Amino acid sequence: MTAPRLEIDLEKIRHNAHTLVQRLKARGISVTGVSKASLGSPDIADALLRAGVSGLGDSRIENIEAMRRAGIAAPMTLIRSPMLSQTRRIVTFADVSFNTERDVIAALSRAAQQAGRTHGIVLMVELGDLREGIMPADLERTVCETLRFPNIVLKGIGSNLACRSGVVPDARNMSELSRLADSIDAATGSVMTVVSGGNSANLEWALGGGADIGRINNLRLGESILLGCEPLHRRPIEGLFTDAITLIAETIESKTKPSRPWGTIAQSAFGERAPTADRGPIAQSILALGRQDTDTDGLTAPPGTEILGASSDHLIVSTGGRHKPVGGEIAFQLTYGALVRAMTSPFVAKAFLKGG
Ligand SMILES: *Cc1c(COP(=O)(O)O)cnc(C)c1O
């Protein structure tokens, strides 16, 4: 089979999603399956939907369009604030979008009128992570403005934490979101039906036991489903597969080489410093995989193999005492960042395993 390639086990992804859907259902929380790391793959979307997610969320309208073209009929939410230049495409292909700007909602309203459709809005609230969100003091005014736009349906409010600044979702910020939903309902007479608390970083809060869930009735999960890890400490989640997706690379050179370079040493291609420790001769292999294909800093090698360095097209590893034959393959685990890069690289093939 061709390399490099991502091997994607759809049954493990379905299992991970199904497990989280069931655990959160017991707490009254629905799951939006976040597909943004899967480049609009209809196979992954299908695995998420079979697992019982209530809808799909993606940060790119291009991915949502790709899933629509592939015949995926589920509710789809654009989870990044829309670009003004894309409002027509957004009302055409997404049912709902996350918003923070009045001018954008006005443009979505005009586009929806022209298309003869209605478009759902979730207003995002800033709770401290300092990425997207309306400041809580300004929320009620924006709600009132949103309610007045034709062809716009206000679905509810949401928040996103732990992405830019690593702010942990906890009892304090989650109960603030619940309180905001209550006070907006009371002030406007409308009902915030969706209160979307956050992403995979919210799982500890939601499932840790004893948390008052309040009004939170939705989470948007990507990383925890695909990688089986929670993103706050990158610990595996019990009962989930952490190897649903692996990156396979092929060996193109295998030789015994000194561990220390020789000659006058300046900067390397990516500004890294050359190894200085002399560990004696080592079994060194080069794999046909580089920074063009993935974030090589986000790869974990199998036991006995150590990543020594990377350039655009080469990954250099030590294979311990044993030589890897040329043409042999090595499988790596990936971080979310490495996964997104590999998924979007035209050089990395995607192999879907359906057996389970
Ligand atoms: C990426 C993203 C998610 C999903 O985050 P995970 O940590 O992958 O679960 C949820 N909401 C928003 C707004 C996002 O951008």
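## Overall build

Of the 356 residues in this protein, 49% count as buried. The model is a predicted one. Its secondary structure consists of ten helices and 18 strands.

Take the contacts between residues at least 6 apart. Of these, 64% join residues at least 24 apart.

## Surface and charge

The protein exposes about 16400 Å². Carbon and sulfur atoms supply 51% of that area.

What about charge? There are 39 positive side chains and 37 negative ones. The centres of these two sets lie 2 Å apart.

## Two domains

The chain is divided into two parts: domain 1 covers residues 10-228, and domain 2 covers residues 245-353. Taken over C-alpha atoms, their centres are separated by 37 Å. Domain 1 brings 14 residues to the contact, and domain 2 brings ten.

## Where the domains meet

How much area is buried between domain 1 and domain 2? The figure is about 1000 Å². Carbon and sulfur atoms give 73% of it.

Which residues of domain 1 lose the most area to domain 2? They are Ala-37, Leu-39 and Leu-227. Together, these three account for 46% of what the domain 1 side buries.

Definitions and conventions
Residues are numbered from 1 along each chain as its sequence is written. This is a predicted model: local features need pLDDT of at least 70, side-chain atom pairs count only at pLDDT 80 or more; totals for chains, interfaces and linings use all residues. Side-chain values use heavy atoms; hydrogens and water are left out. Helices (H or I, at least four residues) and strands (E, at least two) are DSSP runs, numbered from the N terminus. Buried means under 20% relative accessible area, exposed over 50%, partly exposed in between (1.4 Å probe, protein chains only). Contact means heavy atoms within 4.5 Å. Accessible areas come from the Shrake-Rupley method with a 1.4 Å probe; for residues, only the protein chains shown count as cover. Lys and Arg count as positive and Asp and Glu as negative; His and the chain ends are not counted. The place of a charge is taken as NZ of Lys, CZ of Arg, CG of Asp or CD of Glu. Domain bounds come from an automatic or database domain assignment. Buried area is the accessible area (1.4 Å probe) that two parts lose on being put together, summed over both.
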